[in-house]
Each structure stands twice: as structure tokens, then as C-alpha cells.
2 protein chains.
Amino acid sequence: MNITMDEAIVRRSLHDELVERLQRLIIEGELTPGEKVPEKELCERYNVSRTPMREALKVLASEGLVTLTPNRGSSVTAVTVEDLEEVFPVMGALEALSGELACEKITDAEIAAIGKSHHEMIGHYKAKRLPEYFAANEAIHTGILKAARNDTLAAQHRMLSARVRRARYLANMTRERWDKAVAEHEDILAALEARDGRKLGIILKQHLRNKLETVSEWLRANDRE
Amino acid sequence: MNITMDEAIVRRSLHDELVERLQRLIIEGELTPGEKVPEKELCERYNVSRTPMREALKVLASEGLVTLTPNRGSSVTAVTVEDLEEVFPVMGALEALSGELACEKITDAEIAAIGKSHHEMIGHYKAKRLPEYFAANEAIHTGILKAARNDTLAAQHRMLSARVRRARYLANMTRERWDKAVAEHEDILAALEARDGRKLGIILKQHLRNKLETVSEWLRANDRE
DNA sequence: ATATTTAATTTTGCATTCAAAATTATGTCA
DNA sequence: TGACATAATTTTGAATGCAAAATTAAATAT
């Protein structure tokens, strides 16, 4: 038997591991916005002491996912419409840049992979499978981001994305909005295949603008719950 | 005597204070890139225990200012040409956005203040006072960023700025580059006064592209020291 | 009963402690 | 002397301990 060591043994520190786990808890909604982070329970759950847990919370706070209030601990940052209106334009600028860079550097294979995600997404759209649609959609955007070959850009984007991801996921679209988003995605793929960076950038920026509309509309309608 | 309470009493946590102090140490060059962060000494210096110090280091690591290596502590992240080539385009996109937003929202008073910084900067340029030039320059860019009224944008920019600030400061410009930068700044002010967001965005993006040239050229010439 | 104190409990921030890992110093042998 | 092994020291990561602050519960007065 051949044991392949395709990856280096990564010995991660506890706090690093915790950053990821907590991020997932927040994004997946187990920890809901506004709620206090139950430090003690989480420590017991993951069987760690408070030290690495608090280190992780500090990191998440610097990324804006949790809010630290002196002497009263941390809570999951509640996303407001104002937050969305701040975050989405920044994400738009970052995605536009990712589109421009991607067109310069993307390989045919990568375009093909994104095309595949695109067609899967269309299938899910036609069948009205929202979670699957959402996953394919995300694959496209991260695919473009990856093709841009800029880790700093990817990191910044990931950070902002985490902050609004839950709201994005929950905000179910109206028929028209969904149609529009899919139509935009056709343009995105076309611009990518043509390697027209300028055009792709503009489309992505607009795409994010429309997304903001969808999400903030939804949040406005649901913010008293 | 009238005691004005224009600001709430902010009781900051140690780790938060430390994040700022360490940031300053790194930016001002007391802790030089590549160097190991002397955890113990810094604890003694600021008279804190290792707990808040390590919390601060984790935050700085997530911002890319320091690098954590498992079981061998933290070191100041050394900025490579590759880093610059990643960071500057992202900063360019962010500044372009800040220009666009600023033109929508900036007040006449703010334009006047930026104009003042601009003229001061020109004075320092003519007198070849680089540090003062640099400070005025920075005031202009942060002024635009502030006028954009987007804290998320400002935070992202600040983070990236910190990573490359030292290199930017050290890289002294050639005569031509400096002339060019100043010429660009004339355009920046003009676009701002005309509140032409699109134009300002384009200029700022290009401005950053040129800055990258300056800095990476310098770094390439000095990287073996 | 409803405020208002006061006391008990929990939570929080930070210092201290401790074991494991890494680094440096010392010793051993060819 | 120099390559290697072994021991002492330092550094690191994480658990525990402790005092101050905040929260909750109980008690008192109105």
C-alpha cells in the first residue's frame, strides 16, 4: 500500500481551529446574531480552556463577526441594513477587481470548471432548489476569485462575505430577482469566456448592487423578528 | 471652568490597547520585518502578562502584520515584492471606491480641508521635505476615505495600508516619480472639486498603480539588506 | 404588591502556572 | 578538533487561578 503525503502535516493551534469552527457556527446560524456567545459552553463542547477560545473571539471581533463589549463578553454581530449598505459596495469593488484579474490569468480548465458550476446552477434554478443553487453560485464566485491569484484579495473578500453570508442565504429572492440574477450570470460567464476583464468587472459590480437590493429588502421586511 | 464631555469614557481592554501599540511599533519600524517579536520583553515594557499580549498578536496575525509559526512564536511579517503586488491592486480598488463614494457625499468644508492639505503637500514637495510631504499626502487620502462614509471600507483600507506603510515610507522617489505623483494629486483635487466620482476613481486607481511601481522598484533594489 | 437595597452567584479580564516543544549548552567519543 | 548525542534552559501553547465587574437572587422598606 502506498501512503501518499500530498499535504504537509499541519499542526494547527487551538485558537486557529476555533476561529474556523466558530465562524461556521455563526455562518450556519447555530449562533444567531445579537445572541451572546456562550463562552463556557463552547469551551466544554470543544474541550478547550478559555484561553484559546478567547483568543479566537478576539480574532473574530477584529473581522467584525462578533462584537466585544468590555466586561460583558462577546456577542454575534447583528447585521443591520446599514452594515449591508457598507459591506456590499466594498465586496462589489473587490469582486470587480477579481473579475479583471481573473480574465488576465485564468486557464481554460478553470473557465471550464466555472462553466460547469454555472450550468449546474441553471439546473438548480429551473428546479427551484435554492440551497443547491446557492452552493453552485458560490462556487462560481470563489472560482473567479481563485483565478485572480491574489490571496490578499481573496482573504478580504472571504472576511466580508462571512459577515453577510447568512443574510444572503436567508433572503429568498422574488421570481423577478432570481431571473435577473441568473441572467446576469449568463453575462458573467460570457465575459469570462471572452476574457473581457473590464466588462466582467462592471457586471460583477452591478451584480453585487442588485444582490444588496434583494438582501436589504428582505432584512427591512424581517428586522423586527 | 467648563468640563466638556464630548466623548464617552472608553475603557479599553489591554489587548485592544496592545493591538494599537504593536501596530505602531511595526509601522514605525521599531520592530523590523522578519524579526521575531520579543514577547517577554514587550510584556515587561508594557507591564502586562502574556495573555493579553498573545491575544493582540493573534489579531495582528489575522490582519497579516505578524506571522505565527506553530511552537516558535511570532515574527513581523516581511513584506515581499509579491505582497506588494497583491496588496496595491486591492488598495487601488478600495481607494477608487472611496473616491466614487466621496464625490457623492463630501461636504464643501471637507473639500476645503483636503484642498488645504493638498497645498501644504505642494509646499513640502517644493521644499523637498519628504516626511512632511508624506504626512500631508496621507491626510488627503484618509480625508477622501472619511468622506466616503463607509467604516467597513475604511477599516479594510487601514488594514492593508498598515501592511505596506513602512515600505511606502522608506521608498524614496526619484525626481520624475515624485513629479508625477504630485501631478496626479492635482488631478485628484480637481476631480474631487468637480465631484466627478468616476474620474476620481480612475485617477486613484492609477495613482496606486504608480505607487506600486515606485515601492516595488525600491524593494527590489534593497531586498538583500 | 412594587421599588430599592443588599447579598450571593456568575462572568469577565488578566495573571500565573505547567507541560511540551524548541533552543542552547555541555559532554562524549572518533 | 569536530561530529554527534545528551542534558539544561528557554520559549511556547494552553489550563488554571483569582480579583473585579456584572448579573441575578434575596431581603428590606414603602
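To compare copies, superpose them by least squares on the C-alpha atoms of residues with pLDDT of at least 70 in both. Do that here and chain A can be laid on chain B with an RMSD of 0.0 Å, by a turn of 180° and a shift of 0.0 Å along the axis. The two copies are thus related as by a two-fold rotation axis.

A word on the model itself: it is predicted, with local features needing pLDDT of at least 70 and side-chain atom pairs counting only at pLDDT 80 or more, while totals for chains, interfaces and linings use all residues. Residues are numbered from 1 along each chain as its sequence is written, and chains are lettered from A and ligands numbered from 1 in the order in which they are written.

Now for where the chains meet. Counting a contact when C-beta atoms, placed from the backbone, lie within 7 Å, 24 residues of chain A touch 24 residues of chain B. On chain A's side, α3 (50–62), α4 (81–105) and α7 (151–170) each supply at least two residues, and α4(A) brings the largest share, 8 residues. Because 100% of the interface residues of chain A are also interface residues in chain B, the copies meet through the same surface.

Next, the DNA. DNA strand D is surrounded by 19 residues, each with its C-beta atom, placed from the backbone, within 6 Å of the strand. The closest are Ser13(A), Leu14(A), Ser49(A), Thr51(A) and Gly73(B). α3(A) gives the most to this surface, with 3 residues.

Definitions and conventions:
Contact = placed C-beta atoms within 7 Å. Helix = DSSP H or I, 4+ residues; strand = E, 2+ residues; numbered from the N terminus.
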